[in-house]
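Hi,

Here is the structure I promised to pass on to you. Please have it open while you read, and my notes follow below.

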Amino acid sequence: MDFDGKTAAERKVEDIAKRSLGAGEYATIEKARAAAWLANPKLFDEYRTESQSEAFLAKIAKASEARISKGGHAMSTAESQLDNLAKKRVAETSEPYAKAYTAVLDTPEGRRLYAEHRAA
């Protein structure tokens, strides 16, 4: 399988979200993903660990180099912008990171950044 820029935890949450959406539990895939993250805090911990690992960052760098060499652009920074917005919200509200991240995803800016991240 080609590297898609996602962690194993992101893939697991995507599967959970698609099943929830298919079962009619949520109106949109974004809401299903947000609920999946909230319901699975261990997956979020796995995501944070994996996304900051040397191996994952090396894969991101390699994928970016490959895209650039083919005339494309480097992988998006939208994910890090979402992370920063969530961290800012945690500082302002003292709520758990997963709840803050979910709240950020439910804003117009969060939806835009998430769509940009998925398109990268």
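The chain has 7 helices and 0 strands, and from the N terminus on its elements run α-α-α-α-α-α-α. Helices here are DSSP runs of H or I with at least four residues, strands are runs of E with at least two, and both are numbered from the N terminus. Please keep in mind that this is a predicted model, in which local features need pLDDT of at least 70 and side-chain atom pairs count only at pLDDT 80 or more, while totals for chains, interfaces and linings use all residues. Residues are numbered from 1 along each chain as its sequence is written, and side-chain values use heavy atoms, with hydrogens and water left out.

Now the overall form. Taken along the principal axes, the C-alpha atoms fill a box of roughly 40 × 35 × 25 Å. Of the 120 residues, 33% count as buried, meaning under 20% relative accessible area, with exposed over 50% and partly exposed in between (1.4 Å probe, protein chains only). Among contacts (heavy atoms within 4.5 Å) with a separation of 6 or more, 51% are between residues 24 or more positions apart.

Next, have a look at helix H2 (residues 29-39). Its buried residues are Ile-29, Ala-32, Arg-33, Ala-34, Ala-35, Ala-36 and Trp-37, and they pack against helix H1 (8-22), helix H3 (41-51), H6 and helix H7 (108-119).

Trp-37 counts as buried because its relative accessibility is 10%. Leaving aside neighbours within four places in sequence, Trp-37 is in contact with Ala-9, Glu-10, Val-13, Leu-43, Phe-44 and Tyr-47. From Trp-37 to Gln-52 there are 15 residues in sequence and 18 Å in space, C-alpha to C-alpha.

How do H2 and H3 pack, and at what angle? Their axes are 5 Å apart and the angle is about 95°; axes are lines fitted to C-alpha atoms, for helices over the stretch in contact, and angles run from 0 to 180 degrees between N-to-C directions. H2 is therefore roughly perpendicular to H3. For reference, angles under 35 degrees count as roughly parallel, over 145 as roughly antiparallel, 65 to 115 as roughly perpendicular and the rest as oblique. Trp-37, Leu-38 and Ala-39 of H2 make this contact with Pro-41, Leu-43, Phe-44 and Tyr-47 of H3.

Finally, there is H6. This helix is mostly covered, with 7 of its 9 residues buried: Tyr-97, Ala-98, Ala-100, Tyr-101, Thr-102, Val-104 and Leu-105. The cover includes H2, H3, H5 and H7.

With helix H5 (residues 78-93), helix H6 (residues 97-105) crosses at roughly 120°, the axes coming within 8 Å, so the two are oblique to each other. On the H5 side the contact has Leu-82, Asp-83, Leu-85, Ala-86, Lys-87, Arg-89 and Val-90, which meet Tyr-97, Ala-100, Tyr-101, Ala-103, Val-104 and Leu-105 in H6.
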